[in-house]
Amino acid sequence: MEGEAQQSEVQLRVNSRQWSKVVHPLEIDPSSASKAIATVEHRGMKHFKNWVPWLIPFFVIVNVIVFIITMYVNDCPKNLVHCIAPFLGRFSFQPFKENPLLGSSLLTLSNMGALDVQKVIYEQQGWRLITCMWLHGGVFHLLANMFGILVVGIRLELEFGFVLIGLLFVIFGFGGSLLSALFIGRRISVGASGALFGLLGAMLSELITNWSLYEKKLGALFTLVFVIVINLAVGILPHMDNFAHIGGFLSGFLIGFVFLVRPPFGWIKQRNAPPLSFLSLIKDKPKFNIYQCFSWGLALILLIVGFTTGLMALLHGVDANDYCSWCHYLSCVPTSRWSCSPKLSSCVTEQIDNQLNMICSSNGKSTIYNMQNPTDSQIYEWCAQICN
């Protein structure tokens, strides 16, 4: 939960002169994910209740409804002559050169609650850290994320109930948005894949902390880790907001140790033993193992420190790129086939008092920023916006 297109070419990110949208769609291989989830099965025990999953499907329905409302508000024919699928009327899509995912405009997404760091910091719109996870860049983005959430989320809701998984789903999305906000600068971000990667992270930590309850442990662990690594690796391609993926995954992985811990198999077997049997007469086993207690405490501390530090940094307008010169490689690795951002030399800058005038050498576009002594990362980001 917890998710750049030039005017003349189709890419995954849509740019305007002032803004760009980052989408972080699901990149999970459906066959691999299904195998991982099918392999991870609990032994039948009366100690655990099987829930009827309904909240995760409801979340999917809500996402679809929000997308329909977004397209209604967008009303492409009102502003453009050439829309995609004009027979849909005001539900038709923006041109491919603006949004290759078959969706709305960047301005509409921003108005609907996309993650906009500047508005979060300077206009106290912190709610955008939550609302952005219910918005999607287009049909393809929506379908990919909703499929993954159904596959992973229903499995967890079946075992742990709708109250816990529903609450954690929102927290996972918030964790993804928080880390994304510290790195994306002046771009905006939408998508539920931060929450989706949180579900994957929670599934992994739940498998580890409840190790004794599972059959075919090593196969399940290997398959699940493989799925996660592959999808995080895909996130280093350009125009993906991999920071939302990483933030959601880390949140889910740590939270799984805290909220999804269960008593070990030995304790359950002793509790369910018939009266006067050998197991019922021996000394009571502890309800939780030492490693479960240790991982619970460590994960809780890391969660509190991580969320507190992240929120304080965000509210103080910290750009994490200034403190981590290599972190941008976690979201995009430049190669001979693509570059992650334009070179600073492609923009000409002129500082006059508190105003920074920037001109892109490749397309001649210019803009003025009210900023004195901007950092290199800020100039880098602004140059990317006006040159694409």
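Trainee: Which residues is Leu115 in contact with, leaving aside its neighbours within four places in sequence?
Mentor: Leu115 is in contact (heavy atoms within 4.5 Å) with Val120, Arg128, Leu129, Cys132, Ser177, Ser180, Ala181, Ile184, Arg187, Ile188 and Ser189. This is a predicted model, in which local features need pLDDT of at least 70 and side-chain atom pairs count only at pLDDT 80 or more, while totals for chains, interfaces and linings use all residues. Residues are numbered from 1 along each chain as its sequence is written, and side-chain values use heavy atoms, with hydrogens and water left out.

Trainee: And which residues touch the most other members of the largest nonpolar core?
Mentor: Leu115 is listed there together with Ile149, Ile165, Phe169, Phe172, Leu199 and Leu314, out of 60 residues in that core. A nonpolar core is a set of buried Ala, Val, Leu, Ile, Met, Phe, Trp, Tyr and Cys residues joined through side-chain atoms within 4.5 Å, where buried means under 20% relative accessible area, exposed over 50% and partly exposed in between, with a 1.4 Å probe and protein chains only.

Trainee: Which elements give two or more residues to it?
Mentor: Among them are helix H2 (55-74), helix H7 (139-160) and helix H14 (290-315), and the largest share, eight residues, comes from H9. Helices are DSSP runs of H or I with at least four residues, numbered from the N terminus.

Trainee: Switching to Gln118, is that one buried or exposed?
Mentor: Gln118, which is found in helix H5, is buried, with a relative accessible area of 19%. Not counting residues up to four places away in sequence, Gln118 touches Glu123, Gly185 and Arg186.

Trainee: How do the axes of H9 and H10 cross?
Mentor: The two axes, which are lines fitted to C-alpha atoms over the stretch in contact, with angles running from 0 to 180 degrees between N-to-C directions, come within 11 Å and cross at roughly 155°. That makes H9 roughly antiparallel to H10, since angles under 35 degrees count as roughly parallel, over 145 as roughly antiparallel, 65 to 115 as roughly perpendicular and the rest as oblique.

Trainee: Which residues meet there?
Mentor: From H9 they include Phe197, Leu200 and Met203, and from H10 they include Ala220, Leu221 and Asn231.

Trainee: What about H8 and H11, how do their axes cross?
Mentor: The axes of H8 (residues 162-181) and H11 (residues 242-259) come within 7 Å and cross at roughly 140°, which makes H8 oblique to H11. The contact includes Gly175 and Gly176 of H8 and Gly247 and Gly248 of H11.
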